[in-house]
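Here is a short briefing on selected local features. Please keep the structure in view while reading.

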Amino acid sequence: MHDTPHIVSDVMTHTVAAIGREATFKEIVRMMRDWRVSALPVLEGEGRVVGVVSEADLLPKEEFRDSDLDLPRHRLRPAGRTPAGRLRHPADLEKAGAVTAGELMTSPALTVHADATLAQAARTMAHAKVKRLPVVDDVGMLQGVVSRGDLLKVFLRDGEEIAEEVRREVVAYLFPEPASAVRVTVEDGVVRLSGRVRDPALLPVAARLVRSVEGVVDVEFDFSEQGSSRTATTREG
């Protein structure tokens, strides 16, 4: 029913810093600093994404600085624990001794396609607890990168643009005139519906539909003027 949702290609960054498998630890740290990013795609061939190196992959080098990584793992510390008492994971120990991107990277890389919706990208990030995703084509070639900040750009939509979409795609559909007379205003992303409705039972449905409009932060109702039980401004949760 709604306008075509924004997709990853609408908000992603096209100019991307990336590295090859043979990039050294120091080169990786320097590139992250220079580009002000927390992760870098690792490429091979003509630009196929084979992994990602993040700050989390680099930190074991510092965390286990005082350990003898040449000793058998069970001898690194009593009970195999860190100074803070956390059990060591074998993968952490391996990365502590790694020196190239190929050794450090997480592989296969978690990626997203350019035609994925912003909601799909956000769910992938949330589930994997990552801040950035490489954007690839059908054969895994790097197209760009999308970050959490990129996904939030949709909340910068103009208020009147949001209001017009709500009027056209929600109000006209659920509360057609003349039986209903609903006004739509938007302030700081919060949509307010006010006036008179024919069937108040449709308000929860309206709330869900309005929230599905990109850029909406919240929904409020004020139908006090029609003398129903909704005599004050309410917020549908």
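Arg-36 counts as exposed, because its relative accessibility is 79% and the cut-off for exposed is over 50%. The model is predicted.

**Arg-36**
- Arg-36 is not a glycine, yet its phi is positive, at about 55°.
- Its place is the loop that runs between helix 2 and strand 2.

- Strand 2 covers residues 39-44 and runs parallel to strand 1. The two are joined by 2 bridges.
- Ile-19 has Val-42, in strand 2, as its bridge partner.

**Asp-188**
- Asp-188 also has a positive phi without being a glycine; the value is about 55°.
- This residue sits in the loop between strand 7 and strand 8 (190-196).
- Is Asp-188 buried or exposed? Asp-188 counts as exposed, because its relative accessibility is 72%.

**Cis peptide bonds**
- Ser-107 and Pro-108 are joined by a cis peptide bond, with omega at about 0°.
- Pro-108 falls in the loop between helix 5 (101-104) and strand 4 (112-113).
- Glu-177 and Pro-178 are likewise joined by a cis peptide bond; here omega is about 5°.
- Pro-178 belongs to the loop between helix 8 (159-174) and strand 7 (181-187).

**Asp-218**
- Asp-218 is part of strand 9, which spans residues 218-222.
- Asp-218 is buried, because its relative accessible area is 13% and the cut-off for buried is under 20%.
- Which side chain makes a polar contact with that of Asp-218? The partner is Arg-211, and the contact is 3.0 Å.

Definitions and conventions: Residues are numbered from 1 along each chain as its sequence is written. This is a predicted model: local features need pLDDT of at least 70, side-chain atom pairs count only at pLDDT 80 or more; totals for chains, interfaces and linings use all residues. Side-chain values use heavy atoms; hydrogens and water are left out. Two strands pair if DSSP finds at least two bridges between them. Helices (H or I, at least four residues) and strands (E, at least two) are DSSP runs, numbered from the N terminus. Buried means under 20% relative accessible area, exposed over 50%, partly exposed in between (1.4 Å probe, protein chains only). A polar contact is a pair of N or O atoms within 3.5 Å; within protein, one must be able to donate a hydrogen and the other to accept it, and residues adjacent in sequence count only if both atoms are side-chain atoms.
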